[in-house]
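Subject: Structure handover and notes

Dear colleague,

Please find below the structure that I said I would pass on. My notes on what was found in it follow directly after.

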Amino acid sequence: MAVCKNILKFRGEVSREDRKNLNGHRAAVFWFTGISGSGKSTIAHCVEKRLFDCAMRAYVFDGDNVRHGLCSDLSFSPTARTENIRRIAEVCRLFTDNGTICMCAFISPLKEYRKMAREIVGEADFYEIYVSCSLEVCEQRDVKGYYKMAREGKIKNYTGISAPYDAPDEPDLIVETDRETLEESVSKVEAFILDKVRL
Ligand SMILES: Nc1ncnc2c1ncn2[C@@H]1O[C@H](COP(=O)(O)OP(=O)(O)OP(=O)(O)O)[C@@H](O)[C@H]1O
Ligand SMILES: [Mg+2]
């Protein structure tokens, strides 16, 4: 990667504090991790709608969506996956500076990815939400039909089947979507986020 030299940051006249006061809430990054089909996107988008309806600034960064644009040039190799997470975390850092509550719905299977995201965003603004669900239930859901294809060997390096998933050791919140209703999981996450962003 090219290294930029002799570039100074320009200090704007609107501070993060100003934006927080305008919005009436803090900004932070809520990083959802869990295997495919665990419920990251479903929960994040439901919570986004609830926050929006309360006039709060929230935005979901979704794995599938960023790969159509911001990260459309990246493959699924280990280096490209790292770059994928790095870019998302950098964008989230900008969004938090802008006062937005960011919800990131990425499998982010390895601890090292999540550690990097935490470092880029900054410890004080980063919360990890573990969307836990057994592989068995996720395979039954098979929302995208990819588990079947992975079992048939049509997709290689599929998390949970042929590629590892490191569950977080100390997530800030756990939702167990194979034991909770969608409403329970959404309400749990919403309450957690409101508690962290309340002034
Ligand atoms: N408690 C729950 N929380 C979230 N989703 C649930 C829950 N119970 C059942 N579901 C269902 O599980 C499925 C989760 O799919 P979803 O696309 O959200 O998963 P994902 O984690 O975003 O997967 P991927 O990593 O492939 O994008 C949905 O069909 C949803 O309705
Ligand atoms: Mg998803």
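A crossing of two helices is called right-handed if the near helix is turned clockwise from the far one by less than a right angle, and left-handed if it is turned anticlockwise. Please bear in mind throughout that this is a predicted model.

With that convention, α4 passes α5 in a right-handed crossing. The axes of these two helices, α4 and α5, come within 9 Å and cross at roughly 30°; because angles under 35 degrees count as roughly parallel, α4 is described as roughly parallel to α5. On the α4 side the contact is made by Pro 78, Arg 81, Thr 82, Ile 85, Arg 86, Ala 89, Glu 90, Cys 92 and Arg 93, and on the α5 side by Tyr 113, Met 116, Ala 117, Ile 120 and Val 121. Sorted by class, the residues in this contact of α4 with α5 are nine nonpolar, one polar and four charged.

Helix α4 itself covers residues 78-97, and at 1.5 Å a residue its 20 residues should span 28 Å, which agrees with the 29 Å that separate its end C-alpha atoms. The buried residues in α4 are Ala 80, Arg 81, Glu 83, Asn 84, Ile 85, Arg 87, Ile 88, Ala 89, Val 91, Cys 92 and Thr 96. These buried residues of α4 pack against α1 (16-23), β1 (29-33), β2 (58-62), α3 (63-66), β3 (101-105) and α5 (111-121). In α5, the buried residues are Tyr 113, Arg 114, Met 116, Ala 117, Arg 118, Ile 120 and Val 121, and what covers them includes β1, α4 and β4 (126-132).

The loop between α3 and α4 holds Leu 74, which is buried, with a relative accessible area of 16%. Leaving aside neighbours within four places in sequence, Leu 74 is in contact with Arg 67, Ala 80, Glu 83, Asn 84 and Arg 87.

A second pair of helices is formed by α2 (residues 40-53) and α8 (residues 182-197), whose axes come within 9 Å and cross at roughly 55°. That angle makes α2 oblique to α8, and the crossing of α2 and α8 is right-handed. From α2 the contact draws on Thr 42, Ile 43, Cys 46, Val 47, Arg 50 and Leu 51, and from α8 on Leu 182, Glu 183, Ser 185, Val 186, Ser 187, Val 189, Glu 190, Ile 193 and Leu 194. The residues of the contact of α2 with α8 comprise nine nonpolar, three polar and three charged.

Two residues of α8 deserve a separate note. Ser 185, found in helix α8, counts as buried at 2% relative accessibility; apart from its neighbours within four places in sequence, Ser 185 is in contact with Ile 43, Val 175, Thr 177 and Glu 180. Phe 192, also placed in helix α8, counts as buried at 12% relative accessibility, and, with neighbours within four places in sequence again left aside, Phe 192 is in contact with Phe 30, Tyr 127, Ile 129, Asp 172 and Leu 173.

Finally, some loop residues. Most residues other than glycine have a negative phi. Ser 108, in the loop between β3 and α5, is not a glycine and yet has a positive phi of about 35°; at 4% relative accessibility, Ser 108 counts as buried. Asn 157, in the loop between α7 and β5, likewise is not a glycine but has a positive phi of about 50°. The loop between α7 (146-151) and β5 (173-176) is also the place of Thr 159, which is buried, with a relative accessible area of 6%. Not counting residues up to four places away in sequence, Thr 159 touches Ile 35, Ile 107, Pro 109, Tyr 147, Pro 164 and Tyr 165.

Definitions and conventions
Residues numbered from 1 in each chain as written. Chains lettered and ligands numbered in written order. Predicted model: local features only at pLDDT ≥ 70, side-chain atom pairs only at ≥ 80, totals over all residues. Heavy atoms only, no water. Axes fitted to C-alpha atoms, helices over the stretch in contact; angles between N-to-C directions. Helix = DSSP H or I, 4+ residues; strand = E, 2+ residues; numbered from the N terminus. Parallel < 35°, antiparallel > 145°, perpendicular 65-115°, else oblique. Contact = heavy atoms within 4.5 Å. Nonpolar A, V, L, I, M, F, W, Y, C, P; charged D, E, K, R; others polar. Expected span 1.5 Å × (residues − 1). Buried < 20%, exposed > 50% of the residue type's maximum accessible area, 1.4 Å probe, protein only.
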